[in-house]
Amino acid sequence: MKLEYTDQASRQDVLSVDDVKAYLRIEGDEENAVLASLIAAAQRYCEDYQHRTYGLLTLHLTVPTADAQTDIELPRSKSLNEVINVTVRWPSGKEQVIDNYTLRYGEINTRLRVEEMLPADADLVIDYRVKGECDESTLLAMRLLVASWYENRLAADDRNRKEAPFAVTALLNPGRVLL
């Protein structure tokens with residue numbers, strides 16, 4: 001199974017550069033590009049840590065059809081907005097659109113079941129859109145990450161490269177989806 005983020009141009013950052021500049025007490029616009037990059041990285045870090053999505057995001061899931069004979073759990077789909085398309089893709093590049101599928105909404109993720117036989121030697125490709133919410137604790141965790149990365153642009157030792165600040169994980173743990 002392979003999950004990719006698509007349509008990055010329409011991805012919504014839940015923090016603005018102005019919000020982070022106010023938090024860090026930065027005046028002027030010289031650091032805006034750096035801050036925008038850090039905001040995007042902090043949001044991605046928090047989404048990956050919590051197994052959730054904030055804002056609107058399009059995801060592209062590829063599953064071998066041999067693994068798609070039962071329900072397929074769509075990662076980060078608790079707040080599924082829409083299934084854009086479901087396609088079978090053969091190794092030759094030929095594609096066939098699948099319209100006969102059902103969705104089962106769960107407490108953690110949505111499951112998709114294809115209601116027809118699938119070939120054994122192909123991939124099932126599912127494009128879907130999710131729209132998640134972000135609470136104040138998560139926004140604070142993102143601000144803390146941005147502040148830490150902004151102030152420490154180079155890792156001082158191996159521990160700093162591998163661990164997020166304790167306050168960040170403490171803020172993110174209550175909303176973490178355990179898989």
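Visitor: How many salt bridges does a search of the whole structure find?

Guide: The search finds nine salt bridges. Please keep in mind that this is a predicted model.

Visitor: Which residues does D71 meet in salt bridges?

Guide: The side chain of D71 meets that of R104, at 3.0 Å from N to O. D71 lies in the loop between strand 2 (55–64) and strand 3, whereas R104 lies in strand 6, so the pair ties together parts that are 33 residues apart in sequence. D71 also meets the side chain of R113 in a salt bridge, at 2.8 Å from N to O.

Visitor: Which residue forms a salt bridge with D48?

Guide: D48 forms a salt bridge with R44, and their closest N and O atoms are 3.7 Å apart. Both residues lie in helix 2, four residues apart, which is about one turn of the helix. D48 is partly exposed, with a relative accessible area of 34%. R44 is partly exposed as well, with a relative accessible area of 34%.

Visitor: Which residues are linked with D48 in a network of salt bridges?

Guide: The network links D48 with R44 and R76.

Visitor: Back to strand 7, where R113 sits. Which residues are on its covered face?

Guide: Strand 7 (residues 110–114) has T110, L112 and V114 on its covered face. R111 and R113 are on the uncovered face.

Visitor: Which strands are joined to strand 7 by bridges?

Guide: Strand 3 (residues 72–74) is joined to strand 7 by three bridges, and the two run antiparallel. Within that pairing, E73 stands opposite R111. Strand 6 (residues 101–105) is joined to strand 7 by five bridges, again in an antiparallel arrangement. There, Y105 has T110 as its bridge partner.

Visitor: Let us turn to helix 1. Which of its residues are buried?

Guide: In helix 1 (residues 17–24), the buried residues are V20, K21 and L24. They cover an arc of only 100° around the axis, so they lie on the same side of helix 1. D18 and A22, on the other side, are exposed.

Visitor: What covers the buried residues of helix 1?

Guide: The cover includes helix 2 (32–50) and helix 3 (136–151).

Visitor: And what follows helix 1?

Guide: R25 follows helix 1, and its phi is positive, near 60°.

Visitor: One more residue, T169. Where is its place?

Guide: T169 is in helix 5 (residues 166–172). T169 is buried, with a relative accessible area of 17%. A polar atom of its side chain lies 3.0 Å from the backbone oxygen of F166. Leaving aside neighbours within four places in sequence, T169 is in contact with Y49 and A164.

Visitor: Finally, the chain as a whole. What does its secondary structure come to?

Guide: The chain has five helices and eight strands. Along the sequence, the pattern reads β-α-α-β-β-β-β-β-β-β-α-α-α.

Visitor: What share of the residues counts as buried?

Guide: Of the 179 residues, 38% count as buried. The accessible surface of the chain comes to about 10,400 Å², and 49% of that belongs to carbon and sulfur atoms.

Visitor: And the contacts between residues at least 6 apart in sequence: what percentage join residues at least 24 apart?

Guide: Among those contacts, 76% join residues at least 24 apart.

Key. Residues numbered from 1 in each chain as written. Predicted model: local features only at pLDDT ≥ 70, side-chain atom pairs only at ≥ 80, totals over all residues. Heavy atoms only, no water. Buried < 20%, exposed > 50% of the residue type's maximum accessible area, 1.4 Å probe, protein only. Polar contact = N/O pair within 3.5 Å; in protein donor to acceptor, adjacent residues only side chain to side chain. Contact = heavy atoms within 4.5 Å. Pairing = 2+ DSSP bridges. Arc of directions from axis to C-beta. Areas by Shrake-Rupley, 256 points an atom, 1.4 Å probe, with all protein chains shown as cover. Salt bridge = Lys/Arg side-chain N within 4 Å of Asp/Glu carboxyl O.
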